[in-house]
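Come along and check each entry as I go.

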Amino acid sequence: MNIIETKNLTKYYGKIKGIENLTFSVKKGEIFGFLGPNGAGKTTTIRTLLGYLHPTSGEAFIFGKNIADNENIVEIKREVGYIPGDLNIYTHMTGKEFLDYFASLRNTKMTLLDDLLKVFDVPLHRKIKGYSKGMKQKIGIIQAFMDDPEIVIMDEPTSGLDPLLQQKFYDFLKNQKKKGKTVFFSSHVLSEVDKVCDRIGIIRNGELVALEEIEALKDKMGKKVRIKIKEKPETFKGHKNIKFNHGWIEFVSTDNIDNLIKKLSKFTIIDLEIIDFSLEDIFIHYYEGQT
Amino acid sequence: MNDVIRFKIAIQTMKEHWKTTIILTLLFVFMTAMYAGMFPQFEEALLEMLSTGFGDSFNFLPHADQMATYTGFLTLELYQIFWLLILAIMLGFIVGSSITKEIESKTIDILMSNPVSRKQIVFEKFIGFIPMVLIINFSTMLTVMGITSAIGERLDFGNLLMVHLVSVPYFLAIISIGILVSVIFDEKMKSSIIMIAIPFAMFFINSISLMTPDLEYLRSFTIFHYFDTFDVLKFGNVNVAGIFVFIAIIIVCLTVSLIYFEHKDIQVT
């Protein structure tokens with residue numbers, strides 16, 4: 001079952017392109033990573049999905065309900081938590097007042113609140129004005145998850161969290177996933193996406209350039225091969241985009257390993273490295289030539 | 001539907017403004033007490049002033065010739081300027097930034113992540129300011145009653161009540177204009193300045209048209225034209241058409257606000 005589904009979702013700010021023809025879906029129970037550098041259209045996508053921005057064309061559905069309908073969007077939000085990228089909370093309230101206010105707006109049981117407060121402890125009786133960035137981020141996480149919604153949409157949620165808390169947060173996300181909950185988050189921190197996400201979408205200039213399971217994407221990218229041979233490096237042929245680097249021959253192979261080794265065996269090998277693509281390499285690959 | 005009746009955003013709006021409500025209430029109670037209490041000392045001087053024709057220089061205010069009577073004095077000193085103009089500006093200033101403030105400080109993002117509709121946000125913000133109006137309004141009325149009794153002046157308390165009853169739709173109309181301005185503008189400074197400018201401009205037009213008979217038709221465009229506090233206070237004449245004008249302003253401003261906000265893109269800047 002698809003929790004989020006977009007069809008050619010497009011948003012222009014006047015003549016400026018925000019996102020164009022985004023088509024993707026997020027399945028129930030998966031952690032979906034939405035990748036792209038600043039300005040690629042991640043926030044525009046999220047804000048359009050949540051009904052803050054009205055799509056210029058195309059459609060989007062959450063729980064099968066069209067987000068363009070104002071009645072639907074209220075129903076949708078009963079089961080959606082959201083952490084904005086640029087998180088701003090009412091500074092004149094204390095943490096407790098803020099959570100109470102939002103609990104009253106949600107009007108449902110705050111089943112996860114106690115657990116969350118144990119993991120992400122915040123000074124509940126202090127005014128939010130006096131919170132550090134990390135504390136604000138923690139209370140942002142608490143409010144998004146406290147009523148245990150079906151899906152939580154997050155815009156770069158770990159900024160401001162120290163590594164220890166980040167780890168706790170990833171564990172928390174994995175636990176939510178185990179319960180069948182869905183998580184959609186945007187990020188430009190590739191290591192975290194690599195750690196927790198099942199599937200990723202990469203967005204570039206407002207358009208989706210990759211949409212795949214991380215492992216499948218890595219397989220598809222092939223492997224990086226570095227080889228040193230006794231023969232003259234220039235005699236090495238049969239692969240695309242070969243680079244010579246201080247006696248090393250470097251290329252990317254999408255062949256299966258057996259074929260690759262058989263081809264290489266024609267040479268006298270001094271040294272050999274076969275390296276998996278990291279998410280970072282994939283990312284750079286999609287952004288090559290971009291400024 | 002269940003959520004609409006719970007008025008959580010309205011209650012929050014009230015809570016956020018309780019300090020302002022108390023300060024404004026105290027301010028108006030104090031000013032009312034001062035002006036009404038001062039009348040006995042001023043009475044003779046005012047009579048003298050009017051007899052010398054000096055009162056003509058106040059003809060930009062309605063009923064300036066009544067300045068030496070208690071009712072006229074209250075109307076001119078308190079109701080015409082402080083009540084209808086200054087309080088309107090103050091309320092407008094506060095309400096005019098109510099939604100703008102949430103957009104500018106980006107708290108609207110997190111507010112809208114809750115199952116609340118945009119209509120609900122606009123409507124409940126409006127509702128949330130009603131207690132402020134009622135508290136200031138009736139505290140001021142009670143102060144006038146108290147001081148009047150204390151200094152032994154004559155005033156028809158039934159008419160006084162009418163003034164403050166008509167004041168409710170008048171100030172609600174001001175608030176609805178404030179809500180409209182606050183959904184349109186994304187910067188607090190802009191919306192607040194506009195909400196100071198609107199009542200001032202109307203007051204200015206009203207004054208000009210009072211002094212220049214040729215321009216009298218302009219008065220219909222000012223909200224002050226529809227609420228003559230002297231007529232109500234002295235004779236109990238309530239301008240019923242005026243009340244309908246206020247109600248019409250409320251309905252039009254709120255409807256436009258709801259529709260406009262519904263279609264607005266909430267952008268991050």
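Entry 1: I noted what the words mean: a residue is buried if 20 or more other C-beta atoms lie within 10 Å of its own, exposed if 12 or fewer, and partly exposed in between, with C-beta atoms placed from the backbone. Helices (H or I, at least four residues) and strands (E, at least two) are DSSP runs, numbered from the N terminus. With 6 of its 6 residues buried, S8(A) is largely enclosed by the rest of the structure.

**Entry 2: ground rules.** I reminded myself that this is a predicted model, in which local features need pLDDT of at least 70 and side-chain atom pairs count only at pLDDT 80 or more, while totals for chains, interfaces and linings use all residues. Residues are numbered from 1 along each chain as its sequence is written, and chains are lettered from A and ligands numbered from 1 in the order in which they are written.

**Entry 3: Phe185(A).** I found Phe185(A) in S8(A), which covers residues 182-187. Why is Phe185(A) called buried? I counted it as buried because 24 other C-beta atoms lie within 10 Å. Leaving out residues up to four places away in sequence, Phe185(A) touches Gly33(A), Phe34(A), Met154(A) and Pro157(A); contact here means that the C-beta atoms, placed from the backbone, lie within 7 Å. I also looked at Lys42(A), which is 143 residues from Phe185(A) in sequence but 9.3 Å away in space, C-alpha to C-alpha.

**Entry 4: the partners of S8(A).** Strands pair if DSSP finds at least two bridges between them. Strand S3 (residues 31-35) of chain A runs parallel to S8(A), joined by 5 bridges, and Leu35(A) stands opposite Ser187(A). Strand S7 (residues 151-155) of chain A also pairs with S8(A) in the parallel sense, over 5 bridges, and there Val152(A) has Val183(A) as its bridge partner. I followed the chain from S7(A) through helix H6 (residues 163-178) of chain A to S8(A), a right-handed β-α-β crossover; right-handed means that, with the strands pointing away from the viewer, the path from the first strand over the helix to the second runs clockwise.

**Entry 5: an antiparallel sheet.** I then turned to an open sheet of 4 strands in chain A, ordered S2-S1-S4-S5 with antiparallel pairing. S2 (16-27) and S5 (65-66) of chain A stand at the edges with a single partner strand each, so one side of each has no neighbour in the sheet. Strands S1 (residues 2-13) and S4 (residues 57-62) of chain A share 5 bridges, and Thr6(A) stands opposite Ala60(A) in S4(A).

**Entry 6: a hairpin.** Strands S9 (residues 199-204) and S10 (residues 207-213) of chain A run antiparallel, with 6 bridges joining them. How many residues lie between S9(A) and S10(A) in their hairpin? I counted 2, and Asn205(A) in the turn has a positive phi of about 50 degrees. Arg204(A) stands opposite Glu207(A).

Methods
Contact = placed C-beta atoms within 7 Å.
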